[in-house]
Amino acid sequence: MKHQNDHDHAFNDDDPPSKSAVKREMLALQDLGKTLCELPFEKVKKAPIGERLLEAIAEFHKCRSFGAKKRQLQFIGKLMRQEEHDDIQAWVNGESVEQKLKVLNLHAAEQWRDRLIQEPALLADLIKAYPQAAQLNLNTMIRQAASERTNNKPPKNYRQLFQAIYKMIAEASGGDASQEGDLEDDEE
């Protein structure tokens, strides 16, 4: 004897999602929107989002009261449904190819800079790896950066050496080396 609540049919892919599933998805999108709102607005401008969502995030930053921010977050969550949230999540997580390439280039430039200061003879290896390095005046920068380090002076040439190496590596790898405003923050 079957009970009245037992059903013979299994869940079908054509069935609409449950209210709980819809609510979980909306809350997840709202959380993603909140994450975007917590990032600096200048960085959010570079995100793969639509103009309307960008304006809503700008409006969120203008809100002062808790209630207004909460309502704006709900609105942002609603707008997120129209966006490619997988792309946005990937961007937020730093999974975009450009961001990974930039990080790799930054690390490579830091390693080259530190190795060159320790052992200036490695400049020949750098020139073999990156022929355009021969055109730069790296030898002088290396000497001056090493001198700054030993004399405990401000690291002006140390930074210039890093920026020159980073720009060269980024250009060689096809990356965008024009973001020098971000370099000094990322370097240290």
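**A loop residue and its setting**

A: Let's start with Asn 152, which lies in the loop between helix 8 (138–150) and helix 9 (156–173). A helix here is a DSSP run of H or I with at least four residues, a strand is a run of E with at least two, and both are numbered from the N terminus. This is a predicted model, so local features need pLDDT of at least 70 and side-chain atom pairs count only at pLDDT 80 or more, while totals for chains, interfaces and linings use all residues. Residues are numbered from 1 along each chain as its sequence is written, and side-chain values use heavy atoms, with hydrogens and water left out.

Back to Asn 152: its phi is near 55°, a positive value in a residue other than glycine. Asn 152 is also exposed, with a relative accessible area of 72%. Exposed means over 50%, buried under 20%, and partly exposed in between, with a 1.4 Å probe and protein chains only.

Now compare another loop residue. Pro 48 is in the loop between helix 2 (41–44) and helix 3, and it counts as partly exposed, at 39% relative accessibility. Not counting residues up to four places away in sequence, Pro 48 touches Glu 83, Asp 87, Ile 88 and Trp 91; a contact means heavy atoms within 4.5 Å. Pro 48 and Glu 83 are 35 residues apart in sequence, yet their C-alpha atoms are 8.9 Å apart in space.

Ile 88 and Trp 91 turn up again where two helices meet. The axes of helix 1 (residues 19–38) and helix 5 (residues 85–92) come within 11 Å and cross at roughly 40°. That makes helix 1 oblique to helix 5. On the helix 1 side, the contact is made by Glu 25, Leu 29, Leu 32, Thr 35 and Leu 36. Helix 5 brings His 85, Ile 88, Gln 89, Trp 91 and Val 92.

Zooming out, the chain has 10 helices and 0 strands. Of its 188 residues, 31% count as buried.

How far can you trust it? The pLDDT, the predictor's confidence in each residue from 0 to 100, averages 82 for the chain, and 85% of the residues score at least 70. Where pLDDT is low, the predicted coordinates should not be read in detail.

Technical notes
Axes fitted to C-alpha atoms, helices over the stretch in contact; angles between N-to-C directions. Parallel < 35°, antiparallel > 145°, perpendicular 65-115°, else oblique.
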